[in-house]
Amino acid sequence: MPEQTPDEAISPAGAGGVMDLALEEGTTLEKTPGGPDGTGPAEKPRSLWSDAWRDLRRNPVFIISALIILFLVIISIWPQLIADQDPLDCNLAKAQQGSQPGHPFGFDGQGCDVYTRTVYGARNSVTVGVCATLGVTLLGGVLGGLAGFFGGWWDSVLSRLTDIFFGIPVVLGGLVFLSVVTSATVWPVIGFIVLLGWPQIARIGRGSVITAKQNDYVQAARALGASNTRMLLRHITPNAVAPVIVVATIALGTYISLEATLSFLGVGLKPPAVSWGIDISAASQYIRNAPHMLLWPAGALAVTVLAFIMLGDAVRDALDPKLR
């Protein structure tokens with residue numbers, strides 16, 4: 001009986017068996033669902049936003065800060081849910097008194113309930129922060145985006161203009177600008193923040209647009225005859241807006257702190273408006289005798305600013321591919 005070669009021992013059918021085996025393997029690969037490794041169904045390519053949202057959902061810093069901000073937004077819209085008293089209802093007989101049943105934070109120098117004023121103070125602070133951030137983002141983003149896209153004299157004028165605004169001290173500018181305003185509403189403060197806050201967003205937007213317009217897909221769209229409007233809206237803006245969102249989110253907490261600072265100095269919100277800055281200013285002279293008057297509004301302000309800064313840091317980590 002002839003001896004079998006190693007190849008014949010493995011495949012008794014000889015060359016024909018090898019061909020059949022190759023055909024069977026090819027058929028199996030064709031039928032196997034999945035990606036390149038054949039282990040499972042092929043996944044759709046993920047975008048930057050989907051990856052960012054996935055990372056944010058797994059980030060405890062984002063979850064905690066988002067819950068705090070959600071609570072602040074709810075009590076800003078409906079403060080009566082947790083405070084059933086009037087923040088302007090004061091009783092001088094109870095001035096500077098400490099915690100009592102129904103008044104856990106005590107009373108301020110005018111006999112007003114500190115807890116109620118702390119809750120109602122969130123409305124103006126959150127309103128100023130959100131509206132100022134929206135205004136700054138829209139104004140600075142549009143101006144910076146146009147300057148980065150078109151360049152030329154428009155870019156030069158915007159760059160010199162932002163240099164001028166960066167040279168104005170914010171607090172000093174607020175003292176000068178708001179000292180002539182007699183309105184007790186939040187709109188003069190919002191307008192001042194937008195006036196001095198847009199250059200930062202404009203520079204971020206300008207740099208992002210300059211980077212995005214150099215990509216191959218933008219050059220391809222230009223070669224195919226796409227208009228400037230289409231390239232800006234469809235190709236450049238979606239890929240340049242992430243840094244603007246990050247900076248605006250972090251700046252929101254800064255704007256809330258700025259409103260409190262200006263109100264503390266007497267040029268921001270003015271009575272009878274309810275603001276944490278006004279309450280901190282009024283409580284500063286009683287800090288030795290009644291520290292609770294300063295503790296609660298200052299603590300609420302600190303937690304609010306910290307929550308927005310934490311949210312901005314989490315968004316930055318999720319949207320920055322270099323940090324992955």
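Figure 1. The expected span of a helix is taken as 1.5 Å times one less than its number of residues, and helices (H or I, at least four residues) and strands (E, at least two) are DSSP runs, numbered from the N terminus. This is a predicted model, in which local features need pLDDT of at least 70 and side-chain atom pairs count only at pLDDT 80 or more, while totals for chains, interfaces and linings use all residues. Residues are numbered from 1 along each chain as its sequence is written, and side-chain values use heavy atoms, with hydrogens and water left out. The buried residues of H6 are Asp-155, Leu-158, Ser-159, Thr-162 and Phe-165, where buried means under 20% relative accessible area, exposed over 50%, and partly exposed in between (1.4 Å probe, protein chains only). Seen down the axis of H6, these buried residues fall within an arc of 125°, so they line one face of the helix; the arc is that of the directions from the helix axis to the C-beta atoms. An α-helix has 3.6 residues a turn, so residues three or four places apart point the same way. On the face of H6 turned away from the buried side are the exposed residues Trp-153, Arg-160 and Ile-164. The cover over the buried residues of H6 includes H5 and H8.

**Figure 2. The packing of helices H5 and H8.** Two packed helices are described by the angle between their axes and the distance between the axes. For helix H5 (residues 114–150) and helix H8 (residues 187–212), the angle is about 35° and the axes lie 5 Å apart. Axes here are lines fitted to C-alpha atoms, for helices over the stretch in contact, and angles run from 0 to 180 degrees between N-to-C directions.

**Figure 3. Two buried residues within helices.** Ala-248 is found in helix H10 and, at 8% relative accessibility, counts as buried. Leaving aside neighbours within four places in sequence, Ala-248 is in contact with Thr-133, Thr-137 and Ile-201, contact meaning heavy atoms within 4.5 Å. Ser-65, which belongs to helix H4, also counts as buried, at 0% relative accessibility. With neighbours within four places in sequence again left aside, the contacts of Ser-65 are Ala-307, Met-310 and Leu-311.

Figure 4. The C-alpha atoms of Gly-109 and Met-293 are separated by 8.0 Å, while the two residues are 184 residues apart along the chain. Beyond its neighbours within four places in sequence, Gly-109 is in contact with Leu-92, Ala-95, Gln-96, Tyr-286 and Met-293. Gln-96 is itself in the loop between H4 and H5 and, at 29% relative accessibility, counts as partly exposed. Most residues other than glycine have a negative phi, and most peptide bonds are trans. In Gln-96, however, phi is near 65°, a positive value.

Figure 5. A cis peptide bond, with omega about 10°, joins Pro-271 and Pro-272. Pro-272 is placed in the loop between helix H10 (228–264) and helix H11 (276–283). Among the residues that Leu-88 touches, not counting residues up to four places away in sequence, are Pro-272 and Arg-117. Leu-88 is found in the loop between helix H4 (60–77) and H5 and, at 48% relative accessibility, counts as partly exposed.
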